[in-house]
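Subject: Structure for you to look at

Hello,

Here is the structure I promised to pass on. Please open it and keep it beside this note; my findings come after it.

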Amino acid sequence: MEADKTYEGSCFCGAVQIAVSGAPEVVGYCHCDSCRSWSAAPVNAFTLWKPELVRVTRGAENVGTYNKTPKSYRKYCTTCGGHLFTEHPGWGVVDVYAAVIRQFPFKAAVHVNYQETALPIKDGAPKFKDMPKEMGGSGVMLPE
């Protein structure tokens, strides 16, 4: 990934457009029940960015927010319901869903909340039982 590269994305209908610039902090898969339920998928592909690198470039008035807990503010398009990103203020990052930024060269570096997996993935990437210690987790690793 190039440090000055910009990747663009949008919701399902295109009413909201976003851009991310530079490189993410980390890229991986979350296997927690909340992410799986929100994404309606067996695993959530995430890209974590510093907040200042994520911009809504069009349709900010169409961005809705849902938060089940104060850890995650999930953003979606109020026109089509398409998911956009999740703000994680306690961690100082924004999770832009990999599927939203279609041209982003996604390659998972880590798996989190692997103890909750519904879809085991054998890709050689580290698998945290919950989260890394620096993010408030146990830091315990699980085998593939």
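Gly92 sits in the loop between strand 8 and strand 9 (93-97). This is a predicted model, so please read everything here with that in mind. Gly92 is partly exposed, at 34% relative accessible area. Setting aside neighbours within four places in sequence, Gly92 is in contact with Trp49, Lys50 and Pro51.

Now the chain as a whole. There are one helix and ten strands. Along the sequence the order is β-β-β-α-β-β-β-β-β-β-β. The radius of gyration is 15 Å, close to the 15 Å that the globule rule gives for 144 residues, so the chain is as compact as a globular protein of that length. The C-alpha trace spans about 45 × 35 × 25 Å along its principal axes.

Buried residues make up 43% of the 144. Take the contacts between residues at least 6 apart in sequence: 50% of them join residues at least 24 apart. The chain exposes about 7600 Å², and carbon and sulfur atoms supply 52% of that area. As for charge, there are 15 positive and 14 negative ones, and their mean positions lie 4 Å apart.

Next, strand 3 (residues 26-30). How many of its five residues are buried? Four are, which leaves the strand mostly covered. Strand 3 has a partner in strand 4 (44-49). The two run antiparallel and are joined by five bridges. Val26 has Leu48 of strand 4 as its bridge partner. Strand 3 also pairs with strand 10 (110-112), this time in the parallel sense, over three bridges. There, Gly28 is bridged to Val110.

Strand 6 (residues 63-69) and strand 7 (residues 72-77) run antiparallel, with five bridges joining them. They form a hairpin with two residues between them. Thr69 has Ser72 as its bridge partner in strand 7. Strand 7 goes on to pair with strand 8 (residues 83-88), again antiparallel, over four bridges. Arg74 stands opposite Thr86 of strand 8. This second hairpin has five residues between the strands, and Gly81 there takes a positive phi near 85 degrees.

Is Gly64 buried or exposed? At 8% relative accessibility, Gly64 counts as buried. Beyond its neighbours within four places in sequence, Gly64 is in contact with Arg74, Lys75, Tyr76 and Thr78. From Gly64 to Gly81 the C-alpha distance is 8.8 Å, with 17 residues of sequence separation.

On the pairing in general, side chains in a regular strand alternate between the two faces of the sheet. Please bear that in mind when you look along the strands.

Last, two backbone angles to check. Most residues other than glycine have a negative phi. Ala40 has a positive phi of about 55 degrees although it is not a glycine. Ala40 belongs to the loop between helix 1 (33-39) and strand 4. It counts as exposed, at 72% relative accessibility. Asn113 also has a positive phi, near 55 degrees, and it is a residue other than glycine. Asn113 is found in the segment after strand 10. Where does Asn113 stand, buried or exposed? Asn113 is buried, with a relative accessible area of 11%.

If you have time for a few spots, I would go to these. See Gly92 with Trp49, Lys50 and Pro51, which it contacts. See strand 3 with its antiparallel partner, strand 4, and its parallel partner, strand 10. Then see Ala40, exposed, and Asn113, buried.

Best wishes

Terms used:
Residues are numbered from 1 along each chain as its sequence is written. This is a predicted model: local features need pLDDT of at least 70, side-chain atom pairs count only at pLDDT 80 or more; totals for chains, interfaces and linings use all residues. Side-chain values use heavy atoms; hydrogens and water are left out. Two strands pair if DSSP finds at least two bridges between them. The radius of gyration is taken over C-alpha atoms; the globule rule is 2.2 Å times the number of residues to the power 0.38. Buried means under 20% relative accessible area, exposed over 50%, partly exposed in between (1.4 Å probe, protein chains only). Contact means heavy atoms within 4.5 Å. Accessible areas come from the Shrake-Rupley method with a 1.4 Å probe; for residues, only the protein chains shown count as cover. Lys and Arg count as positive and Asp and Glu as negative; His and the chain ends are not counted. The place of a charge is taken as NZ of Lys, CZ of Arg, CG of Asp or CD of Glu.
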